Amino acid sequence: MKLIATSNSATETLTATTVNDGAISVGISSCLLGNEVRYNGGHSHSKLCTRVLAEHFNFRSFCPEVATGLGVPRPTLRLVGDPDSPRMVFSNDQQQDVTDRFKQAVTPMLGALAQLDGYILMKNSPSCGLERVKVYQANGHPHTQRTMGLFTQALKERYPDLPIEEEGRLNDDRLRENFILRVYAHHHFRMQVDGQLSLGRLMAFHRDYKYVLMAHNQREYRALGRLLAQASAGQLTELRDQYHHRFMQAIAKPASRRNHCNVLLHIFGYLKRSVQQQARHQILNLIERYRLGEVNLATPLAMLEHYVQLHGSDYIRAQRYLQPYPARLGLANRL
Ligand code: SF4
């Protein structure tokens, strides 16, 4: 991984900031990479992003307020008016409405984000916040209803299935694991299915993600299987869009310990006949200890994966559940 200097100029606002050959591209609020683009000339450097995730992702940084040409430093901005359709103004001069200017600057940039597999945003910002952003009333008090920043709104409208998360929430082990799982699943779908769309490729993707889906939502796993089984080859594009949307929704929340146990036992079922009794007892014991919270998910998973590699069929070895993202991220160690 190497770091590349970013530009703060309004004409060069979307920047490839880290380069890992063959890595996944993820968008990020520019200030999180330590770029001094905040209203006061400071930054909001995230060590998690620059020291851990940058090893795996090519970050594409963007500051929508700089892209709007508001300069650094600049007066702070706030959202005002109707929380369902807020306007963006300067906090110290609410007559200066920059909403249209902001949208005009951001819209052309959105087209350049089609190859991204995720986006990490800075919390609370009227531009980049994902939720809980204040919208002020005419009397100067915020509404109880909170919203998302204007850039985030535009991003979600254009790419409704893109995994998006706030940097602060990534400090939660389960939310971090879920976000990274979704980023890799989004990437695998683009590579395996979008590149050469066919019903066979959609079915192969569904097959490989069977146990990931089951860990998150068994009912949706079965419903998506029926959707593919009943499909005709003539509606491929709509089918892909529908499948992708429902798949990303199905894995949008962390899987429960109970569901993980269920999946581990299913995978164990493939080894019953080929693994000796002592090893079978060890595997079951580890799954039970995981169920009780005595060991983390990585412990039974590593054991199962070992035996799947030795004795499993091609079908079970290809299951993404066993390695949904690089093991060195250490995510299952914290579940
Ligand atoms: S939160 Fe967004 S708009 Fe604000 S400085 Fe960071 S990148 Fe720029």
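Visitor: Is Thr 147 buried or exposed?
Guide: The relative accessibility of Thr 147 is 12%. Buried means under 20% relative accessible area, exposed over 50%, and partly exposed in between, with a 1.4 Å probe and protein chains only. At 12%, therefore, Thr 147 counts as buried.

Visitor: Good start! What kind of model is this?
Guide: Residues are numbered from 1 along each chain as its sequence is written, and side-chain values use heavy atoms, with hydrogens and water left out. Local features need pLDDT of at least 70, side-chain atom pairs count only at pLDDT 80 or more, totals for chains, interfaces and linings use all residues, and the model itself is predicted.

Visitor: Back to Thr 147: in the loop between which two elements does Thr 147 lie?
Guide: Helices (H or I, at least four residues) and strands (E, at least two) are DSSP runs, numbered from the N terminus. The contacts of Thr 147, leaving aside neighbours within four places in sequence, include Leu 79, Pro 86 and Gln 153, where contact means heavy atoms within 4.5 Å. The loop that holds Thr 147 runs between β10 (135-136) and α4 (150-158).

Visitor: Arg 132 is among the contacts of Thr 147. What is the phi of Arg 132?
Guide: Arg 132 lies in the loop between β9 and β10. With a relative accessible area of 41%, Arg 132 is partly exposed. Its phi is positive in a residue other than glycine, near 60°.

Visitor: And where is Asn 124, and what is the phi of Asn 124?
Guide: Asn 124 is in the loop between β9 (119-121) and β10. Its 45% relative accessibility makes Asn 124 partly exposed. Here too phi is positive in a residue other than glycine, near 70°.

Visitor: How many bridges pair β6 with β7?
Guide: Two strands pair if DSSP finds at least two bridges between them. Within this pair, Leu 77 stands opposite Phe 90, and Leu 79 stands opposite Met 88. Strand β6 (residues 77-80) and strand β7 (residues 87-90) pair in the antiparallel sense, and the number of bridges is 4.

Visitor: Which residue in the turn of the β6-β7 hairpin has a positive phi?
Guide: The hairpin leaves 6 residues between β6 and β7. In its turn, a positive phi of about 90° belongs to Gly 81.

Visitor: Elsewhere, what is the bridge partner of Ile 28 in β5?
Guide: Strand β4 (residues 24-29) runs parallel to β5, joined by 6 bridges. Strand β5 (residues 57-62) is mostly covered, with 5 of its 6 residues buried. The partner of Ile 28 there is Ser 61.

Visitor: Which residues come nearest to the ligand?
Guide: A residue is near a molecule or strand if one of its heavy atoms lies within 4 Å of it. The shell divides into 7 nonpolar, 4 polar and 3 charged residues; Ala, Val, Leu, Ile, Met, Phe, Trp, Tyr, Cys and Pro count as nonpolar, Asp, Glu, Lys and Arg as charged, and the others, Gly among them, as polar. Of the 14 residues around the ligand, those that come nearest are Ser 30, Cys 31, Cys 63, Glu 65 and Cys 128.

Visitor: Which residues does the cis peptide bond join?
Guide: Pro 73 sits in the loop between α2 (64-67) and β6. With omega about -5°, the cis bond joins Val 72 and Pro 73.

Visitor: Finally, how far apart are the C-alpha centres of domain 1 and domain 3?
Guide: Domain bounds come from an automatic or database domain assignment. That assignment gives domain 1 (2-170), domain 2 (173-250) and domain 3 (257-334). The centres of domain 1 and domain 3 are separated by 39 Å.
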